[in-house]
Amino acid sequence: GADLAAYCLMLGDDALVLAQRLIEWCTRAPELEEEVALANLALDLLGQSRQLLTRAGQADGTGRGEDDFAYWREDHEFRNVRLVEGPNGDFAQTIARLLLFSTARHALYERLAGFADPVLAAVAARGVKELAYHREYATSWTLRLGGGTEYSAERMQAGLTAVWPLLDELFTAHPVEIRLGADPAELRGPVLAELAEVITEAGLAVPAAAPMARVGGRAGRDGVHTEALGLLLAELQVVARAHPGATW
Amino acid sequence: GADLAAYCLMLGDDALVLAQRLIEWCTRAPELEEEVALANLALDLLGQSRQLLTRAGQADGTGRGEDDFAYWREDHEFRNVRLVEGPNGDFAQTIARLLLFSTARHALYERLAGFADPVLAAVAARGVKELAYHREYATSWTLRLGGGTEYSAERMQAGLTAVWPLLDELFTAHPVEIRLGADPAELRGPVLAELAEVITEAGLAVPAAAPMARVGGRAGRDGVHTEALGLLLAELQVVARAHPGATW
Amino acid sequence: AELEAHFDAVVGAEQRIEPRDWMPDAYRATLVRQIAQHAHSEIIGMQPEGNWLTRAPSLRRKAILLAKAQDEAGHGLYLYAAAETLGVDRAELTEKLVSGRQKYSSIFNYPTLTFADVGVIGWLVDGAAICNQVPLCRCSYGPYARAMVRVCKEESFHQRQGYELLMTLMRGTEGQRRMVQDAVDRWWWPSLMMFGPPDGDSPNTAQSMAWRIKRHTNDELRQRFVDMTVPQAEHLGVTLPDPALSWNEERGGWDFGEPDWSELKQVIKGQGPCNAERVERRRAAHEDGAWVREAALAYAAKQQKQRGTEK
Amino acid sequence: AELEAHFDAVVGAEQRIEPRDWMPDAYRATLVRQIAQHAHSEIIGMQPEGNWLTRAPSLRRKAILLAKAQDEAGHGLYLYAAAETLGVDRAELTEKLVSGRQKYSSIFNYPTLTFADVGVIGWLVDGAAICNQVPLCRCSYGPYARAMVRVCKEESFHQRQGYELLMTLMRGTEGQRRMVQDAVDRWWWPSLMMFGPPDGDSPNTAQSMAWRIKRHTNDELRQRFVDMTVPQAEHLGVTLPDPALSWNEERGGWDFGEPDWSELKQVIKGQGPCNAERVERRRAAHEDGAWVREAALAYAAKQQKQRGTEK
């Protein structure tokens with residue numbers, strides 16, 4: 001129960017926090033078609049997070065709902081990886097993060113579609129289709145920017161370099177994952193290979209940047225985040241918290 | 001009692017909100033000397049607001065303290081003018097806002113130094129010296145940017161044009177001000193003359209922009225603000241509100 | 001002259017003019033202006049509500065609001081496409097928007113100050129838009145009429161969602177009810193002004209009606225909106241901020257007060273509370289995205305060239 | 001050789017070397033590097049705490065924190081001025097900082113995650129800095145020694161404020177106490193690492209000590225810090241996250257565990273949690289401000305020219 005709940009929070013928080021970042025693009029995208037597409041990705045992730053957070057509240061026996069988790073936890077109770085919480089940067093950096101996240105999450109959902117918990121398995125089974133589209137979207141823009149103008153290639157390379165140190169956390173097992181038989185280290189090889197293929201096809205270099213250091217061995221999955229998360233949550237939670245007990 | 005409290009909130013909120021905006025410059029100023037100077041201005045304004053909010057809580061009989069007002073009111077309960085709440089813009093726009101605000105507030109404090117309420121009179125008497133420095137600082141940068149490079153003159157002109165429509169609200173009387181015999185309309189002439197002198201000396205044009213429309217006749221002094229205030233307060237209040245009843 | 005006679009006959013017979021048909025220059029110009037302004041309004045209209053996307057107080061409301069913003073971007077896309085059938089292009093229209101040479105609905109120059117504004121915009125602003133737009137589904141220009149059918153369907157959905165949000169809030173805490181009343185107080189008059197100036201001050205109405213672009217005068221639509229909205233307000237339990245509002249038994253409609261046309265004129269002239277920031281946001285997005293659009297074009301060109309070489 | 005003998009004599013007699021005095025190139029280079037790194041640390045060090053300026057939970061704490069940030073900018077200014085007496089200039093040093101060619105204290109590459117971090121930085125980080133810096137008040141290079149006197153006085157004040165904040169929080173709610181313990185858990189080890197690598201891995205220490213720049217080895221200072229801090233932690237009621245911590249009766253000091261030097265090496269190599277963002281913030285401020293500095297120079301030049309003409 002507790003492990004399943006913790007795992008649902010990890011995956012649910014990843015989706016929620018990345019959705020919040022994508023939402024920030026709304027009314028700021030480079031083209032109306034991208035407004036529509038980015039909103040689509042955010043809606044998919046938001047949907048996944050709602051199911052996962054709901055499942056967490058069932059599994060931990062507290063009966064907490066999706067909004068209890070989203071609006072009433074403090075920063076250190078969030079379990080997302082640090083990759084998803086930083087500011088968007090420019091469009092290229094947004095695409096770079098999306099490429100890393102969607103490739104890794106797609107590979108994970110593929111495995112989880114056969115997971116013991118039927119609810120999580122169902123989220124994964126549906127999510128794998130959505131993530132395939134996200135990966136496709138990120139890949140196509142990586143190719144366009146990498147193969148577009150000199151400037152766009154430079155931005156795309158800089159975007160990849162900026163987010164690369166945060167990739168490793170997606171493959172670093174938390175004890176909960178080990179106990180559930182879902183060691184993300186297994187994804188490292190295949191995901192890196194997929195990413196290398198796309199990046200190379202885009203005419204760019206796979207960044208050599210080493211993983212970002214942890215803090216006393218802890219990182220996002222342990223509730224130790226970057227400074228960006230506190231500000232993100234301050235905004236996300238402000239209205240809900242101004243009206244305790246209200247229904248919306 | 002109620003009128004004095006309302007008036008202290010108007011002036012205290014002006015100072016608090018502008019201090020919060022100036023604080024955002026910290027670690028982002030164009031030069032270390034400006035880091036020090038902008039922090040100085042913010043500290044002065046913060047000090048004024050603390051005294052004014054404290055006085056408001058005495059005058060309205062509720063005994064609320066400065067932090068009750070700063071952290072536990074909602075957006076629509078803030079009484080500051082819209083001029084002080086918008087994002088900083090670039091350094092030139094920050095200076096432009098500071099020039100308008102400090103010139104007007106200096107003129108007001110000069111008059112209020114003889115105000116009936118001894119506490120407010122004392123705040124004004126001390127504030128008039130602080131504001132003289134703020135005005136001096138804003139004036140010297142207006143001259144430097146106006147008379148510096150072609151680019152800086154352009155930025156300074158754009159900064160003035162951006163904030164100018166918000167100036168008028170400082171001279172638009174609220175019924176409370178009328179009842180207290182502190183009609184700010186009296187400041188309009190002298191303040192505009194002072195501003196025109198500085199702007200002309202800087203080689204720039206006094207903007208012709210008309211005042212920003214109100215909403216159904218209401219604006220900042222009535223609690224009808226811009227979209228910027230809600231986000232500013234979300235950040236300002238987040239930690240205090242996460243710990244109701246705590247002492248810091 | 002024969003062409004013109006044919007055009008007049010088609011319009012008179014309530015049939016549709018299509019892009020390939022001959023049309024008078026003034027008809028084309030009127031349509032381009034109106035459709036562009038309508039498209040711009042959809043895009044700029046994403047901003048006031050978009051202001052609450054990151055802060056929506058439940059994940060369900062966040063998803064609903066995001067889907068609505070997405071629909072509005074979609075409406076903008078159909079409408080720009082409809083305008084393009086008249087021989088202008090989207091990039092050119094966007095240029096005119098961001099340089100302030102083309103307008104959008106003035107309603108979006110008011111700020112959204114609480115989450116209840118999202119509901120009130122759905123109820124009143126989308127409601128007024130629907131009153132304006134339903135007749136456009138029968139507009140004489142085919143592509144515009146067809147776009148409006150889809151737009152109106154989605155707008156009705158948004159309006160119901162807005163009203164439902166308000167019902168939830170009115171059944172909620174005191175703070176929530178206060179938010180709703182406050183939002184209604186701020187949006188009521190601007191919503192009435194969405195129908196344009198009084199008929200006496202609206203010189204273009206007659207021609208637009210003759211061309212079957214417009215079907216009703218501003219004042220007719222405004223009255224229809226008030227008559228529809230007053231009972232909804234009662235059902236909701238909010239007070240509309242107009243002391244002159246009273247049922248007129250004789251003509252079977254609601255009498256109401258005069259909007260503050262001078263405030264509307266200020267907003268139209270560019271001095272509204274949000275004019276500068278709305279256009280600036282759109283301009284910044286457009287400029288910041290220029291390198292992305294260029295890259296996409298350059299990439300497509302390279303791909304096409306390569307495909308040519310491979311043949 | 002005569003000059004060198006004089007230098008050695010002055011240093012040996014615990015007197016001060018002044019800017020006009022001859023000094024060995026290596027001495028100058030060491031000082032420039034150390035003072036610059038110290039100045040950079042003051043400036044970069046504004047960021048972790050500055051992160052909480054806009055969110056400080058009382059106006060009093062906001063004012064205290066802002067005054068502290070202001071002091072740090074001031075320290076940066078004196079220290080850059082001290083470095084300038086050695087023939088480098090501030091613009092050049094800033095350039096080296098923002099391009100990553102000069103370092104600052106690695107401690108500032110850790111994130112501040114709650115408001116309690118502000119207190120813990122005051123207590124532990126400023127505390128460790130003071131242990132390092134008090135001996136520098138007797139440094140053989142006069143301008144640096146004098147700057148340090150002022151810096152140390154203000155740092156002690158900051159440290160007391162930090163400790164006072166923590167005392168307040170520990171007397172507060174459960175949530176506040178949790179914040180403090182959590183912050184201590186995250187900052188304890190990085191604070192110990194502020195004294196640098198173990199003496200065995202610190203090849204430059206001997207020369208710096210001979211030149212009377214440094215007065216104590218890294219491990220001596222670390223021990224002093226631990227001995228000073230443990231009773232403060234007890235008084236505060238927090239647990240230091242080191243199970244090996246125990247009183248050593250024999251040598252009259254606290255034994256403690258080994259810091260994770262591999263994590264420190266990662267942070268020094270640029271892979272710390274905040275390295276990229278700290279340098280980027282400083283770089284952006286410097287670049288965004290370039291036009292302002294240029295304008296000020298251009299204006300000053302025009303003024304001077306005009307004054308020349310008027311004579």
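**Figure 1. D:Phe7 and D:Tyr27 are both buried in this predicted model.** Buried means under 20% relative accessible area, exposed over 50%, and partly exposed in between (1.4 Å probe, protein chains only). B:Trp248 and D:Phe115 are buried too. The ring centres of D:Phe7 and D:Tyr27 lie 4.8 Å apart with planes at 75°, so this pair is edge-to-face. D:Phe7 sits in helix 1 (residues 2-12) of chain D and D:Tyr27 in helix 2 (residues 25-44) of chain D, so the pair ties together parts 20 residues apart in sequence. Rings of Phe, Tyr and Trp (its six-membered ring) pair if their centres lie within 6.5 Å; planes under 30 degrees apart are stacked, over 60 edge-to-face, and the rest tilted. Helices (H or I, at least four residues) and strands (E, at least two) are DSSP runs, numbered from the N terminus.

Figure 2. Searching the whole structure gives 28 aromatic pairs over all chains. One of them joins B:Trp248 and D:Phe115, edge-to-face, at 6.0 Å centre to centre and 90° between the planes.

**Figure 3. Chain C holds an aromatic cluster.** Its members are C:Phe7, C:Trp22, C:Tyr27 and C:Trp211.

**Figure 4. Chain A has 9 helices and 0 strands.** Along the sequence the pattern is α-α-α-α-α-α-α-α-α. The C-alpha atoms of chain A fill a box of roughly 55 × 40 × 35 Å along the principal axes. A compact globule of 248 residues would have a radius of gyration near 18 Å; chain A has 17 Å, which agrees. This radius is taken over C-alpha atoms, and the globule rule is 2.2 Å times the number of residues to the power 0.38. Of the 248 residues of chain A, 60% are buried. Among chain A contacts (heavy atoms within 4.5 Å) with a separation of 6 or more, 79% join residues 24 or more positions apart.

**Notes on the model.** Residues are numbered from 1 along each chain as its sequence is written, while chains are lettered from A and ligands numbered from 1 in the order in which they are written. In this predicted model, local features need pLDDT of at least 70, side-chain atom pairs count only at pLDDT 80 or more, and totals for chains, interfaces and linings use all residues; side-chain values use heavy atoms, leaving out hydrogens and water.
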